[in-house]
Amino acid sequence: MKDKKGKKGHIGFLHAFAGLIGVWKSEWNFRFHSFAALLVIIVGFMLSLTIMEWVLISFAVGMVLISELINTAIEKTIDYLKPEYHPSARFIKDAAAGAVLVSAIVAVVVGLLIFLPKINILL
Ligand SMILES: Nc1ncnc2c1ncn2[C@@H]1O[C@H](COP(=O)(O)OP(=O)(O)OP(=O)(O)O)[C@@H](O)[C@H]1O
């Protein structure tokens, strides 16, 4: 099916995957958080999480990766539009980085609340 621009719908997915691969290749932080997510999923299977625990972990992990992707898009936009030093560029990049930090802290808190009691039972 074609959209308003006459492009086939699936082309958008190809661009989205290209975006994911591009960010994966260029951003160390995105690779680090992706590996952390994989580790969390492996440990989740080992500890037999409940459906509700998987839902919470999925949201927490998803939020970190999504915020990394948006942060990268914002960084690249600023580098493209304002490569030289500017206080507003600094503010925008710092705010975007702050979003990643908040999502990472929330993910760690969710992880600790779910995993710590289970690990305590095993020990
Ligand atoms: N054009 C700019 N003007 C002012 N300050 C900037 C500018 N570019 C970057 N900065 C400052 O430097 C910090 C780091 O920016 P940078 O673009 O290197 O991002 P980063 O966090 O190192 O991400 P990455 O590792 O993906 O490059 C920003 O958070 C901001 O405080």
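Visitor: How do the residues of the shell around the ligand divide into nonpolar, polar and charged?

Guide: This is a predicted model. The ligand is surrounded by ten named positions, among them Glu27, Glu75, Lys82, Arg90, Lys93 and Asp94. Glu, Lys, Arg and Asp count as charged. The shell therefore divides into three nonpolar, one polar and six charged residues.

Visitor: Which helix gives the most to the shell around the ligand?

Guide: The residues around the ligand include Ala89, Arg90, Lys93, Asp94 and Ala97. Five residues of the shell come from a helix that spans residues 87–122. The helix that gives the most is α4.

Visitor: Are α2 and α3 roughly parallel or roughly antiparallel?

Guide: The axes of α2 (residues 28–46) and α3 (residues 51–81) come within 10 Å and cross at roughly 175°. Angles over 145 degrees count as roughly antiparallel. The crossing angle therefore makes α2, relative to α3, roughly antiparallel.

Visitor: How do the residues of the contact of α2 with α3 divide?

Guide: On the α2 side, the contact includes Phe30, Ala37 and Val40, and on the α3 side it includes Trp54, Ile57 and Glu68. Sorted by type, the residues of this contact are one charged, five polar and eight nonpolar.

Visitor: What percentage of the span of residues 95–116 is helix?

Guide: An unreviewed UniProt entry annotates residues 30–48 and 95–116 as "transmembrane region". For residues 30–48, the end C-alpha atoms lie 27 Å apart, and the span is 89% helix. For residues 95–116, the end C-alpha atoms lie 31 Å apart, with 0% strand and a helix share of 100%.

Conventions
Residues are numbered from 1 along each chain as its sequence is written. This is a predicted model: local features need pLDDT of at least 70, side-chain atom pairs count only at pLDDT 80 or more; totals for chains, interfaces and linings use all residues. Axes are lines fitted to C-alpha atoms, for helices over the stretch in contact, and angles run from 0 to 180 degrees between N-to-C directions. Helices (H or I, at least four residues) and strands (E, at least two) are DSSP runs, numbered from the N terminus. Angles under 35 degrees count as roughly parallel, over 145 as roughly antiparallel, 65 to 115 as roughly perpendicular and the rest as oblique. Two residues are in contact if their C-beta atoms, placed from the backbone, lie within 7 Å. UniProt positions are given in the numbering used here, feature names are shortened, and annotations may be inferred rather than shown by experiment. A residue is near a molecule or strand if its C-beta atom, placed from the backbone, lies within 6 Å of it.
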